[in-house]
Amino acid sequence: MAIRYTCRHCETEIGTLPFESVKETILQLQKTDEGQEDQFLTYEKDGDLTVRCICEQCEQSLLRFPDYYTLNKWLQ
């Protein structure tokens with residue numbers, strides 16, 4: 001079991017937490033609102049948890065071009 005962090009815009013894998021760190025992190029993630037949990041957390045068949053967040057490149061793009069927030073998918 002591991003936690004994988006991927007960018008929700010470009011699907012780049014940002015990082016992975018190994019099994020030893022997972023227990024504490026899951027306790028923190030469970031504090032999210034239910035609506036946010038569905039949007040940002042995915043439980044995989046192999047027991048891993050995927051957290052959809054934003055990478056630095058996409059964050060910088062959104063800061064430079066705030067109109068991208070209105071688009072459902074701005075990366076092709």
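Modeller: Asp-48 counts as buried, at 8% relative accessibility; buried means under 20% relative accessible area, exposed over 50%, and partly exposed in between, with a 1.4 Å probe and protein chains only. Asp-48 forms a salt bridge with Arg-4, and the closest N and O atoms are 2.5 Å apart. A salt bridge is a side-chain nitrogen of Lys or Arg within 4 Å of a carboxyl oxygen of Asp or Glu. Because Asp-48 lies in the loop between β3 and β4 and Arg-4 in strand β1, the pair ties together parts that are 44 residues apart in sequence. Strands are DSSP runs of E with at least two residues, numbered from the N terminus.

This is a predicted model, in which local features need pLDDT of at least 70 and side-chain atom pairs count only at pLDDT 80 or more, while totals for chains, interfaces and linings use all residues. Residues are numbered from 1 along each chain as its sequence is written, and side-chain values use heavy atoms, with hydrogens and water left out.

Arg-4 is partly exposed, with a relative accessible area of 27%. Asp-46 also forms a salt bridge with Arg-4, with 3.8 Å between the closest N and O atoms. Asp-46 lies in the loop between β3 and β4 and Arg-4 in strand β1 (residues 3-7), so this pair ties together parts 42 residues apart in sequence. Asp-46 counts as exposed, at 53% relative accessibility.

Glu-11 lies in the loop between β1 and β2 and Arg-52 in strand β4, so the pair ties together parts that are 41 residues apart in sequence. Glu-11 is partly exposed, with a relative accessible area of 46%, and Arg-52 is partly exposed at 24%.

Four strands form an open sheet in the order β2-β1-β4-β3, with mixed pairing; two strands pair if DSSP finds at least two bridges between them. The edge strands, β2 (13-17) and β3 (41-43), each pair on one side only. Strands of a sheet pair through backbone hydrogen bonds, either parallel or antiparallel. β3 and strand β4 (residues 49-53) pair in the antiparallel sense over three bridges, and Leu-41 stands opposite Val-51 in β4.
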